[in-house]
2 protein chains.
Amino acid sequence: MQVDAGRFLADLHKLREFGAAGVGRGVVRPAYSEADMAARDWLAQRMREAGLRVEVDPMGNLFGLADAPSLLMGSHSDSQPEGGWLDGALGVIAALEVARASREAGGPAISVVSFQDEEGRFGVTTGSAVWGGHLAQDVADLLCDHNGVTLGEARSVVPATGDVDPVQFTGFIEMHIEQGPVMDSTGEQIGVVSDIVGIRDMKITFEGQQNHAGTTPMALRQDAFQAVSTFNQALAERFANVVTPATVWTIGHVSLHPNASSIVPGKAVFSMQWRDGDADRLGRMEQIIRDLAQEVADARGMRVSFGKMLGLEPVAMDMRLRKALETSAKTVAPNKWRVMPSGALHDATNVSRLMPVAMLFVPSINGISHAFEEDTDEADLVAGLKVLAGAVAAL
Amino acid sequence: MQVDAGRFLADLHKLREFGAAGVGRGVVRPAYSEADMAARDWLAQRMREAGLRVEVDPMGNLFGLADAPSLLMGSHSDSQPEGGWLDGALGVIAALEVARASREAGGPAISVVSFQDEEGRFGVTTGSAVWGGHLAQDVADLLCDHNGVTLGEARSVVPATGDVDPVQFTGFIEMHIEQGPVMDSTGEQIGVVSDIVGIRDMKITFEGQQNHAGTTPMALRQDAFQAVSTFNQALAERFANVVTPATVWTIGHVSLHPNASSIVPGKAVFSMQWRDGDADRLGRMEQIIRDLAQEVADARGMRVSFGKMLGLEPVAMDMRLRKALETSAKTVAPNKWRVMPSGALHDATNVSRLMPVAMLFVPSINGISHAFEEDTDEADLVAGLKVLAGAVAAL
């Protein structure tokens, strides 16, 4: 199978023209926007030219179907409110090129998909979630964007042709930019994904005693910010024997009450989020977090409470598909590839409940994504395309 | 000199009736409100009954004047938007009772004052600031409250009689509730103030790199919240050899950007406030804060910047007046008194530029003030009154 790098890059640049904006190679192409729908029209035409049968499901997920059974490849072509030209688009155009090359080579049969609303104008990966059966269409239709538009209203512009039965697909492979700094910092070209990490996220509240910042001696304070800070510092020590270099945890939101410079904070609400590919490890981390927060509160005579925990389970990639990508990476980019987890969610998470899935990463320059500045060296894009093609040919 | 505890407590309860609100002994009597002006009318009448000549200056500061030269005593009778019955009121009524008792005893000459807007509807201790000459009346008149009313408009209700020359006063003694938990926790009755602490207050900003909380490994993060937390923990260690048990420091305000649970915070702005009675120590603490913040930023490849610093200098109490209070405290409350700094600002700070000043504290139950729940055991109120009278008689 012979992919055409020039044709692939030309299509990628052409897709960027729909919603081109901002600096560099920026794109504004949110789900169901005029630019998004025009891009999907163009994509449908390119699918037809590649000999694929176009179907658009009621959510607006766009499929270019080969004869069943086929391997499904793709990603999404909607963008963040301010996004780059590669997030999602790369996986769709790479799939299109592999489908074309495969058809020219006489097989195997490759179908292509661009999922709708991966970037979550209405939720989180809503297009693949509805298609995958994890989110009912009537429930999804009630979701609102920031302007109060419902998904049900927004998808009235979809030229739906019918449902697409997942049974016809033997597996799903999604190529994507890394959206992180790992490969950019090591100079590698290819990341074969081991698993999409699971997420735990909850709010924690420390309650102490609001007091005058001048008249309350340090020893008599129950300062909620001090509790958060002490908890945060001790957490890194407690985690040391549990985490791996791929584990991440974040306090991204902090809200003090009353949040005034002359008042000892009586209350602090903060977000605690942690991600890892191993569900057991996520559980051990949760126990450490709960125990430590309680210890910190008890030591200060304060109260701690835990909000509802968001839990998304890790998804391991299918070993047969993953090994095919690894073997191909060894050939295309010797010593310049690695196995790595995906720290971000992708459509592959939803699709994994229907069929075997695998993912392939190429680097993000400076680790930047969800911004106009998002970019990847074109040599790395082509390397990724070749790894995909080599893997598909070997399956 | 024989003070009348019953008359003193009766007047204190009577004053609470003006603006009585909320639970317990709560009061709503903000500066220039109907309740405040009615209370001042009643106070003026009580001053006249005590043989004092009433003057109201253009700001609305109410004086009950004895023949010059006299010792000035008092505090303020305006309250916080939600305040207690003692904050300010105690010092005014105690001064009135000492003036009465002193007059009945044939001397010494005691004048009484209730300053206006100590609680800062329009600023910080604005009544005594204008009288003390630290704030020009025409500048003060432009200050606005939270509803956009100017001080100039608000003070149109003042029945001004004329200016009051500070030269006639030999000194100023202010009795006040502690507004902190120190004496309540030790069971002491009397605090003789050594100094009103100085304050330093500034905003500090750490800037790192905003990043995806899933795809950015811990080792490659420049997390602004982590910088604040590390700074905060190290600060306590660096301060250990510099501070005293009376020194306080507070991070009361924290603002993360973008403050979202799935994003590594790229920026953190926080308030750093510290208070101490020793100007040199305040300076040494400032150097530690600046050096440490820079070290924390440098170690992480981040940037730190410092906002404008608010500086209020410490005010030492006059040693002669203070010693008179200490001697009297030894008699009235043996082994149940202490020398302590005032961690809060008071009218005495402004008056200290005009004449010798001293302050006396009684305990606050549970350290509570600026709240309806504010209270003090009546035995402690009377003990404070007796210490005042004893000191005045001995001067």
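Colleague: Across the interface of chain B and chain A, how many residue pairs are in polar contact?

Modeller: A polar contact is a pair of N or O atoms within 3.5 Å, where within protein one atom must be able to donate a hydrogen and the other to accept it, and where residues adjacent in sequence count only if both atoms are side-chain atoms. Across the interface of chain B and chain A the rule finds 25 such residue pairs, both residues at pLDDT 80 or more. This is a predicted model, in which local features need pLDDT of at least 70 and side-chain atom pairs count only at pLDDT 80 or more, while totals for chains, interfaces and linings use all residues. Residues are numbered from 1 along each chain as its sequence is written, chains are lettered from A and ligands numbered from 1 in the order in which they are written, and side-chain values use heavy atoms, with hydrogens and water left out.

Colleague: Which elements of chain B give two or more residues to the side that touches chain A?

Modeller: Helices (H or I, at least four residues) and strands (E, at least two) are DSSP runs, numbered from the N terminus. On the side of chain B that touches chain A, these elements are helix 7 (182-186), helix 8 (224-239), strand 9 (248-250), strand 10 (254-257), strand 11 (263-264) and strand 12 (267-276). Helix 8 of chain B gives the most, with seven residues. By residue kind, this side of chain B divides into 19 nonpolar, 22 polar and four charged, where Ala, Val, Leu, Ile, Met, Phe, Trp, Tyr, Cys and Pro count as nonpolar, Asp, Glu, Lys and Arg as charged, and the others, Gly among them, as polar.

Colleague: What area is buried between chain B and chain A?

Modeller: The size of an interface is often given as the accessible area lost when the parts come together. Buried area is the accessible area (1.4 Å probe) that two parts lose on being put together, summed over both. Between chain B and chain A about 3700 Å² is buried, and carbon and sulfur atoms give 53% of it. The contact (heavy atoms within 4.5 Å) takes 45 residues from chain B and 45 residues from chain A.

Colleague: How are the two copies related, and through which surface do they meet?

Modeller: Copies are superposed by least squares on the C-alpha atoms of residues with pLDDT of at least 70 in both. Here a rotation of 180° with 0.1 Å of shift along its axis superposes chain B on chain A, with an RMSD of 0.1 Å. The two copies are therefore related as by a two-fold rotation axis, and in chain B the C-alpha nearest that axis is that of Ser229(B), 2.5 Å from it. Of the interface residues of chain B, 100% are also interface residues in chain A, so the copies meet through the same surface.
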